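User: I would like to learn how to read the ligand sites in a model like this one. Please start with the terms and then go through the sites.

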Amino acid sequence: MSRIVHEGRSLECRFDETVLEALLRQGVDAPYSCRAGVCHACLCRGEDVSALNPESFRGLSAEQRADGWFLTCQAKPVEDLHLRDAAGLRKCRVLSNRQVAPDVFILRLEGKDFTYRPGQFLLLHCQGLSRPYSIASHPAEGYLEFHIRKLEGGALSPLLCALRTGDSVDISEAAGSCHYGSPHATSDLVLAATGTGLAPLMGVLKDAIKKEHPGWIFLFHGGRVKSDLYLDDEIRVLMKKHPRLLYRPALTRDSLPGYASGRLTELIPPLLKTPQQCSAFLCGHPDFVRELRLKLFLAGLPSARILADAFSHTKGAT
Amino acid sequence: MAQSLFERIGGEAAVNAAVDLFYRKVLSDSRISHFFSTVDMDRQIAKQKAFLTFAFGGPAQYSGKDMRTGHAHLVKMGLNDSHFDAVLENLGATLKELGVPDALIGEAAAIAESTRKDVLGK
Ligand SMILES: Cc1cc2nc3c(=O)[nH]c(=O)nc-3n(C[C@H](O)[C@H](O)[C@H](O)COP(=O)(O)OP(=O)(O)OC[C@H]3O[C@@H](n4cnc5c(N)ncnc54)[C@H](O)[C@@H]3O)c2cc1C
Ligand code: HEM
Ligand code: FES
């Protein structure tokens, strides 16, 4: 047995019990969703996490790990563990919530003084539920923007899509390694998303533009029909202002002039002339991310320069 | 004192240079790629680094028992000598491509070879 210190309380963690199980058993209202190490809803910070089992860090970057982040649903501590107080949650007012496609809403929250890197995600908490959502805004914009796909029958996304100006939601600290940084500055950027996977890429794009990225920026957005490309017009306006930004929308269920037809996983690899010199950011459906990542790696992109956020979810999530 | 193979081959920098080349070869090798397709890429890259560090005589210490349990599920999937040989072949080709001298490649191959019985669960 080991001990977990949480907000001044010392709790017990039984042999073979996860930190999440121990917290819940002893009455702590700890956030979680999949319990399988994929959704990151249970992300938590400890003082010293170096002795935790490797599963505790599934999908986390080396930086996050160094900062003490781990997944409570995977961690089975063999030594005592001090959790950092959840400085995390803060209440944010809804500034606006705009429907931009039959199933997509753009939610803006008050976000002054909130620290994050564009492209990271955080947990949105509402009515006792929480799920990770990517931040589409840039800190310079002053507000926090999210692109929420309304999943019929989903527990949380319909609630978020129904939020109105003046309502409030709780947000966690930002996490995730899908952001623009110095290793990418010398390369061409390939930003590729399906659906609301576009959200973090808009953050990365704004940051790259702000930092005067010297190479080309290829932005690929894939959907079934044109209404899925919910930022089509805005991105075309951006493209006029930034000659090194090339926007390549693609549709799988429709063919229209100016839109490639087919899946991004097929369309992108042959277009890259010098894959060794690219950095890629891939976000959206987990199958899309996995497949494109593998193809880009085999085409010659260095593994360390392919960053990805799979919008994972698990059957039976609560 | 004589330098270890790990130092002579170039240490961690050599592992980092080799990992993408090696993993790309393994994933493109239809004899063995199916053993590697289930796990996500971040984890696989970490494991390939562990493998290379070990084969280069580096600080990662694994017991025969670790090798056995670590590959037992693959043995159930049919892992055999021919797959083991394919991995050695890809290791050799990777090091050649990086310009590592033949003598050092031989030493690395011998370290990997020493685990054959354990990896294959014999
Ligand atoms: C790092 C990260 C970032 C994310 N960022 C965003 C974002 O920016 N925008 C966004 O819209 N979502 C994002 N997601 C997904 C989001 O966290 C939720 O999983 C999603 O909104 C569904 O939540 P829900 O409560 O509505 O559905 P749930 O109640 O969790 O799911 C209901 C059922 O639908 C299934 N299901 C869930 N999602 C899908 C899907 N996409 N397609 C088909 N079936 C599904 C589940 O298996 C479940 O059985 C992100 C996920 C991760 C891991
Ligand atoms: C040549 C000798 C070999 C050595 C020294 C070796 C060493 C290793 C090491 C150190 C790990 C990482 C363990 C961990 O961190 O969990 C590993 C994992 C793995 N090895 Fe090997 N290995 C060898 C041969 C093979 C062969 C022949 C195959 C299949 C063709 C193989 C497939 C794998 C797979 C798939 C994993 C990941 C297991 C998982 O987590 O699913 N290995 N190996
Ligand atoms: S990752 Fe822990 S609950 Fe989903």
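Analyst: Helices (H or I, at least four residues) and strands (E, at least two) are DSSP runs, numbered from the N terminus. A residue is near a molecule, and so in its shell, if one of its heavy atoms lies within 4 Å of it. This is a predicted model, in which local features need pLDDT of at least 70, side-chain atom pairs count only at pLDDT 80 or more, and totals for chains, interfaces and linings use all residues. Residues are numbered from 1 along each chain as its sequence is written, chains are lettered from A and ligands numbered from 1 in the order in which they are written, and side-chain values use heavy atoms, with hydrogens and water left out.

User: Which helices of chain B each supply at least two residues of the shell around ligand 2?

Analyst: They are H3 (41–55), H4 (64–76) and H5 (81–97) of chain B. H4(B) gives the largest share, four residues. In total, 19 residues surround ligand 2, and Lys47(B), Phe51(B), His71(B), His73(B) and Thr115(B) are the closest.

User: How do I read polar contacts there?

Analyst: A polar contact is a pair of N or O atoms within 3.5 Å; within protein, one must be able to donate a hydrogen and the other to accept it, and residues adjacent in sequence count only if both atoms are side-chain atoms. For ligand 2, a polar side-chain atom of Lys47(B) is 2.7 Å from a ligand oxygen. His71(B) places a polar side-chain atom 2.9 Å from a ligand nitrogen, and a side-chain N or O atom of His73(B) is 3.3 Å from an oxygen of ligand 2.

User: What surrounds ligand 1?

Analyst: Its shell has 25 residues, with Pro132(A), Tyr133(A), Ala155(A), Leu156(A) and Ser157(A) the closest. Oxygen atoms of ligand 1 lie 2.6 Å from a polar backbone atom of Pro132(A) and 2.7 Å from a side-chain N or O atom of Tyr133(A). S9(A) supplies the largest share of this shell, four residues.

User: Why does ligand 1 lie between two domains?

Analyst: Domain bounds come from an automatic or database domain assignment. Domain 2 (90–171) and domain 3 (182–310) of chain A both give residues to the shell, so ligand 1 lies between them.

User: How do the residues of each shell divide?

Analyst: Ala, Val, Leu, Ile, Met, Phe, Trp, Tyr, Cys and Pro count as nonpolar, Asp, Glu, Lys and Arg as charged, and the others, Gly among them, as polar. The shell around ligand 1 has 13 nonpolar, nine polar and three charged residues; that around ligand 2 has 14 nonpolar, four polar and one charged.
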